[in-house]
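Subject: Structure for you to look over

Hello,

Here is the structure I promised to pass on. Please open it next to this email, and my notes follow below.

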Amino acid sequence: MEKTTLGLEENIEALLAYAVFFISGITLLVLEKENKFVHFHALQSTLAFLILFSIHIVLFPLLYVPFLNILVYIVYYVLDVVSIVVWIVCMFQAYKGERYKLPIIGNIIERTL
């Protein structure tokens, strides 16, 4: 395992990229200067959780539309479950030192790094 700009092992810092969803991802994108493994996980965390958060924000007004609100609550529930599963899987894979790619997002990020 390589050290990072912050002096932590790369797998610990990559795990921390997911700790507070997109906030910790953005923080590590700013702070980590050299390590590509940490950059990958920080960028993946940022994009994945910003997308999930944005969907919540876009659907929020529909909670006040009669009959649609039930569907929105179901979508919210599914998004919350997906968010938690993605969060746990990504943190576990980062801790193991693997460059785990989420579908679509992981491939996009890998091409940009």
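Predicted model: local features only at pLDDT ≥ 70, side-chain atom pairs only at ≥ 80, totals over all residues.

Phe21 lies in helix α2, which covers residues 21–31. The phi of Phe21 is positive, about 55°, although Phe21 is not a glycine.

Phe67 sits in the loop between α3 and α4. Its relative accessibility is 77%, so Phe67 counts as exposed, the cut-off being over 50%.

Pro61 is found in that loop between α3 and α4 too. Pro61 has a relative accessible area of 47%, which makes it partly exposed. Pro61 and Val72 are 11 residues apart along the chain. Their C-alpha atoms are separated by 9.6 Å.

Overall layout

The protein has five helices and zero strands. From the N terminus the order reads α-α-α-α-α. The C-alpha trace spans about 55 × 25 × 25 Å along its principal axes. There are 113 residues, and 36% of them count as buried. Take the contacts between residues at least 6 apart in sequence: 60% of these join residues at least 24 apart.

Helix α3 against α4

How do these two helices run relative to each other? Their axes come within 10 Å and cross at roughly 170°. Angles over 145 degrees count as roughly antiparallel, and α3 and α4 therefore fall in that class. On the α3 side, the contact uses Phe37, His41, Gln44, Phe49, Leu52, Ile55, His56 and Leu59. On the α4 side, the partners are Val72, Val75, Tyr76, Leu79, Asp80, Ser83, Val86, Trp87, Cys90 and Ala94. By class, the residues of this contact are 13 nonpolar, four polar and one charged.

Helix α3 against α5

Helix α3 also packs on α5, at an angle of about 140° and with the axes 10 Å apart. The two helices are therefore oblique to each other. The crossing of α3 past α5 is right-handed. From α3 come Phe40, Leu43, Gln44, Leu47, Ala48 and Ile51. From α5 come Ile105, Gly106, Ile109, Glu110 and Thr112. Seven residues of the contact of α3 with α5 are nonpolar, three are polar and one is charged.

The core

In soluble globular proteins, nonpolar side chains tend to be buried together. Here the largest nonpolar core has 16 residues. Which of them touch the most other members? They are Tyr18, Phe49, Val86, Cys90 and Leu102. The elements that give two or more residues to this core are α1 (10–19), α3 (36–59), α4 (68–96) and α5 (105–112). Have a look at Cys90 in particular. Leaving out residues up to four places away in sequence, Cys90 touches Tyr18, Gln44, Tyr100 and Leu102.

Ser45 lies in helix α3. Its relative accessibility is 0%, and buried means under 20%, so Ser45 counts as buried. What does Ser45 touch, not counting residues up to four places away in sequence? The list is Ala17, Tyr18, Phe21, Phe22, Gly25 and Leu50.

Glu13 has its place in helix α1. Glu13 counts as buried as well, with a relative accessibility of 0%. Setting aside neighbours within four places in sequence, Glu13 is in contact with Thr4, Leu6, Leu8, Leu28, Glu32 and Val38.

Best wishes

Technical notes
Residues numbered from 1 in each chain as written. Heavy atoms only, no water. Core = buried A, V, L, I, M, F, W, Y, C linked by side-chain atoms within 4.5 Å. Buried < 20%, exposed > 50% of the residue type's maximum accessible area, 1.4 Å probe, protein only. Helix = DSSP H or I, 4+ residues; strand = E, 2+ residues; numbered from the N terminus. Contact = heavy atoms within 4.5 Å. Axes fitted to C-alpha atoms, helices over the stretch in contact; angles between N-to-C directions. Parallel < 35°, antiparallel > 145°, perpendicular 65-115°, else oblique. Nonpolar A, V, L, I, M, F, W, Y, C, P; charged D, E, K, R; others polar. Left-handed = near helix turned anticlockwise from the far one by under 90°.
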